[in-house]
Amino acid sequence: MTEFSQRVEGVSISGIREVFEAAGAEAINLGIGQPDFPTPTHAREAAIEAIRSGAVDAYTSNKGTRELREAIAAKYDRDYSLPVDPEDVIATAGGSEALHLAIEAHVDPGQEVLFPDPGFVSYDALTRIADGTPKPLGLREDLTLDPATVEEAITDDTAAFVVNSPANPTGAVQSEDDMREFARIADEHDVLCISDEVYEHIVFEGEHRSPLEFAETDNVVVVSACSKTYSMTGWRLGWITGSNRRIERMLRVHQYAQACASAPAQFASEAALSGSQEPVEEMVAAFEKRRDLVLEGLTDMGLETPTPQGAFYAMPKVPEGWVDEVIDRGVVVVPGAAFGERGAGYARLSYATGTEELEDALEIMREATRAVR
């Protein structure tokens, strides 16, 4: 009788989804990283026009339409003065598929992938699905990843390490010095750096920098997406960029697993990237105000919370029983252990929801905090 592969048996359903599915219909959901803003109108209209014209009725190139890849390349020139060849971009089904391609194309069975702990849930799971060995790394007190920790952990079996800035679940932003060091480590140790930059434009303090800017070899690949920046999570459009030889290997995985990203989403994303960025600026300004509201509320409760400099998450240290007490009272938060063993004792909450809901949620959290102390 055919049973299941050891790879899939070693992966469980995301703790984020478990909490989300268990929540009641009336719960205030601070568990899912999904902006509550609409997709920009010009992106929606571009998809509608493409559908009406019949432009989306056929496969696109495996890599994505030339126009979308040119828009992605133009974005890197505009934002970071980085030259990116449109041929060295693959449009993917969200940032999640881009991560999958990077790991699947570069990790042999038993090879190690280093990643932050607490960190995004996909890093561990995708490593296991590739039959690699997950190697989670602890963070600094401010919840950033120390390059020295990465360098010390590298062995002959290390295939790749993941950098995520701004980070999910912590909201931490790595400094320029850190990014320079990550690039140096990738170059000197001949190990791939996978830079997850899905939240690259949601920064409140400091500045987002990419290790791609500083690498002297092709040992950096960058993952990003329209999902968070343009409130397009449901459109499922991300991308990966790197050297041509790396892109061509990742394309071998993509063309069989996916063929091409959704055509309507490609047209919408091209418009989002090329059109007015005012909706992004407005959204980031709103997230910063919400962050300040949440930080003030958590501080008033006596919960120690490293200040998130980006993304839309806060990760307070919480007393035992706090998460269950909050969920039982109708607010969905995610236990920190869902993001790795070192996340135990923390909780992650998303402030990608309205101010009124956040105020109600904070009041419930105050009650829960009093109940467990």
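Analyst: Let's begin with residue classes: Ala, Val, Leu, Ile, Met, Phe, Trp, Tyr, Cys and Pro count as nonpolar, Asp, Glu, Lys and Arg as charged, and the others, Gly among them, as polar. This is a predicted model, so local features need pLDDT of at least 70 and side-chain atom pairs count only at pLDDT 80 or more, while totals for chains, interfaces and linings use all residues. Residues are numbered from 1 along each chain as its sequence is written, and side-chain values use heavy atoms, with hydrogens and water left out.

User: How compact is the protein chain, given its 13 helices and twelve strands?

Analyst: Helices (H or I, at least four residues) and strands (E, at least two) are DSSP runs, numbered from the N terminus. The protein chain has 13 helices and twelve strands. Its radius of gyration, taken over C-alpha atoms, is 20 Å, close to the 21 Å that the globule rule (2.2 Å times the number of residues to the power 0.38) gives for 373 residues. The chain is therefore as compact as a globular protein of that length.

User: How are helices H5 and H9 oriented to each other?

Analyst: Axes here are lines fitted to C-alpha atoms, for helices over the stretch in contact, and angles run from 0 to 180 degrees between N-to-C directions. The axes of H5 (residues 94-106) and H9 (residues 244-257) come within 9 Å and cross at roughly 110°. Angles under 35 degrees count as roughly parallel, over 145 as roughly antiparallel, 65 to 115 as roughly perpendicular and the rest as oblique. So H5 and H9 are roughly perpendicular.

User: Which classes of residue make up the contact of H5 with H9?

Analyst: Contact means heavy atoms within 4.5 Å. On the H5 side, the residues that meet H9 include Glu-97, Leu-101 and His-106, and their partners in H9 include Arg-246, Met-250 and His-254. By class, the contact has five nonpolar, three polar and four charged residues.

User: Which residues lie closest to the centre of the largest cavity?

Analyst: On a 1 Å grid over the protein atoms alone, a cavity is a set of points where a 1.4 Å probe fits but cannot get out, a pocket is an open set with protein on both sides within 12 Å along at least five of seven lines, and lining residues have an atom within 4 Å of a point. Grid points are joined across faces, edges and corners, and a volume is the space filled by probe spheres set on the points. The whole structure has one cavity of 30 Å³ or more, and the largest cavity holds about 90 Å³. Among its 16 lining residues, those closest to the centre are Pro-116, Leu-143, Asn-164, Ala-167 and Thr-170.

User: How many charged residues line the largest cavity?

Analyst: Sort the lining with the classes we began with. It has ten nonpolar and six polar residues.

User: Which elements give two or more residues to the lining of the second largest pocket?

Analyst: This pocket holds about 210 Å³ of space. Its lining of 14 residues includes Thr-158 and Asp-190, which are among those nearest its centre. The elements asked for are strand E5 (158-164) and H5.

User: Where is Pro-118, which is joined to Asp-117 by a cis peptide bond?

Analyst: The bond between Asp-117 and Pro-118 has an omega of about 5°. Pro-118 is in the loop between strand E3 (112-116) and helix H6 (121-129).
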